[in-house]
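In these notebook entries I record what I looked up in one structure.

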Amino acid sequence: MKNLKLAFLSVLFVVCCFTSCTNNEPVVEEQNIEESASITTSLSQLRTQFDNQGDVIPTENPTGNIVFDFCFDFVYPINLSYNNGTTVTVNNLEDLIDVTINSTNDLYIDGIEFPFDVEVYNDETDAIETATINNEEEFIVLLESCDFNDGFDCECTEEYAPVCVEITAPDGETFLMTYPNACYAECDGFTENDFAENCEEDYNCPGGTDCFSFNFPLTIITDNGDTITVGSQEELDTVLYNVYYFDFVYSFDVTLEDGTVLTIGNEEAFIELLETCFGGNDGGNDCGCDEVFDPVCVQYEENGEVIIEVFANACYAECEGFTENDFVECGNQSGCSEEDVSILMVACQFWTVTIGDQEYTYIFGSDGTVTVNLDNEMITTGTWSTSISNDGLVVVNINTESGNFTSDWTVYDCNENNPTGPNVVSSAAWITNIESGCE
């Protein structure tokens, strides 16, 4: 399986003192450190990628990866010198940003030890490769290839319609690099022929997503095998900015846009969540509808009987061939009460719920308990109750111990004898279908 990359997130680099005396870095002596206008130019340009707090500026970093958003990445450690003759060893990108954001007009880096290595993207091989810079002349050639002076010419919208390209990391592993939309990718020289079909399998959420947020702390394993626990999105971004791929240590929790806490137990479950959020796997929704709960009802006749059916939003209704002319006011079409719904929930032998590509079975007990099964094995238990919405509709409130399957089901029609069965819609974005198994 391809390694997965999380990109285009805001990055916070911890600011600390930059001299070797205060950061416990050893003073570098008798090294081949030379004055270099190119290192000064490089760090000045790198500084433009970050704000005064060291956070990445999203408009300057559409992928959130230093090689693609800046031009290259140093292979650490590197030895640098200040204009006052002080020398310092920089062991990672965090240290380098530390040095950069703390530089002043009076104290700044003006030298680097040759030779040093950098990682750059080779568009002929679609791979990130290591190159050695032996002297100032070769450093100048590198910067000329970056076109720093040309600036960012592309005018792309902020629309989130992600496209991915497959890249090979220096260690030979492949990962997916995500752009927020095709415009940004094309600005980096990619074409539609370069776009990967399985973009939803990337961990990336460019610019964040309204679909869910991570609940910290969580632990990751980086591409060099380091296991790191992070306590915030900023810490996560700091670790990942020059990491090409990583794995989560499962399980961890996310909070969905409706406030529901969902436990992600493995990689497959996380990919299902991404597919649900971004339309990669929407339970048979070939129209690419957003998982927004804004219900509409349609009225049609079947076998001489007038049927009113509810859809999660207008897109789903139109996907089934209905138009706005078919829409009618939603309401409790059968006039069923909380008592009617309670009887229905218990009387039905089972309720099948589609989440991603899995079908779970909900069994409601008359004592207010609910059991969720998968393949006849219990996944979790919880409680259920009913309430009345502001629209006068009956709502089944479901709370499970794990939180994964907690949701509210709005009942629009409690008549299980209708050709389409009871009309129930969930407000949870990850639930794409509810079918009654009433006998």
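**Entry 1: one residue and its surroundings.** I began with T354 and asked which residues it touches, leaving aside those up to four places away in sequence. I found contacts with E359, W430, I431, T432 and N433. The model is a predicted one, and I keep this in mind throughout. I then located T354 in strand β19, which covers residues 351-355. Is T354 buried or exposed? Its relative accessible area is 11%, and a residue counts as buried under 20%, so I noted T354 as buried.

**Entry 2: a sheet.** Next I looked up an open sheet of three strands. I wrote down its order as β10-β14-β15, and its pairing as antiparallel. Which strands form the edges? They are β10 (212-214) and β15 (261-264), each of which pairs on one side only. On average, neighbouring strands in this sheet are turned by 35 degrees against each other, with direction ignored. I recalled that strands of a sheet pair through backbone hydrogen bonds, in either a parallel or an antiparallel manner. For S213, I found that the bridge partner in β14 is T255.

**Entry 3: aromatic rings.** How many aromatic pairs does the structure hold? I recorded 29. I selected the pair F364 and W409, whose ring centres are 5.6 Å apart and whose planes meet at 75 degrees. Planes over 60 degrees apart count as edge-to-face, so this pair is edge-to-face. The pair links distant parts of the chain, as F364 belongs to strand β20 (residues 358-364) and W409 to strand β24 (residues 407-413), 45 residues apart. Both F364 and W409 are buried. I also noted one aromatic cluster, formed by F212, F214, F216, F246, F248, Y250, F252 and F270.

**Entry 4: two helices.** Two packed helices are described by the angle between their axes and the distance between those axes. I looked up both values for helix α1 (residues 37-47) and helix α4 (residues 136-146): the angle is about 30 degrees and the axes are 9 Å apart. Angles under 35 degrees count as roughly parallel, so α1 is roughly parallel to α4. The crossing in which α1 passes α4 is left-handed. Finally, I listed the residues that make the contact: A37, S38, I39, T41 and S42 from α1, with E136, F139, I140 and L143 from α4.

Methods
Residues numbered from 1 in each chain as written. Predicted model: local features only at pLDDT ≥ 70, side-chain atom pairs only at ≥ 80, totals over all residues. Heavy atoms only, no water. Pairing = 2+ DSSP bridges. Helix = DSSP H or I, 4+ residues; strand = E, 2+ residues; numbered from the N terminus. Axes fitted to C-alpha atoms, helices over the stretch in contact; angles between N-to-C directions. Phe/Tyr/Trp six-rings, centres within 6.5 Å; stacked < 30°, edge-to-face > 60°. Buried < 20%, exposed > 50% of the residue type's maximum accessible area, 1.4 Å probe, protein only. Parallel < 35°, antiparallel > 145°, perpendicular 65-115°, else oblique. Left-handed = near helix turned anticlockwise from the far one by under 90°. Contact = heavy atoms within 4.5 Å.
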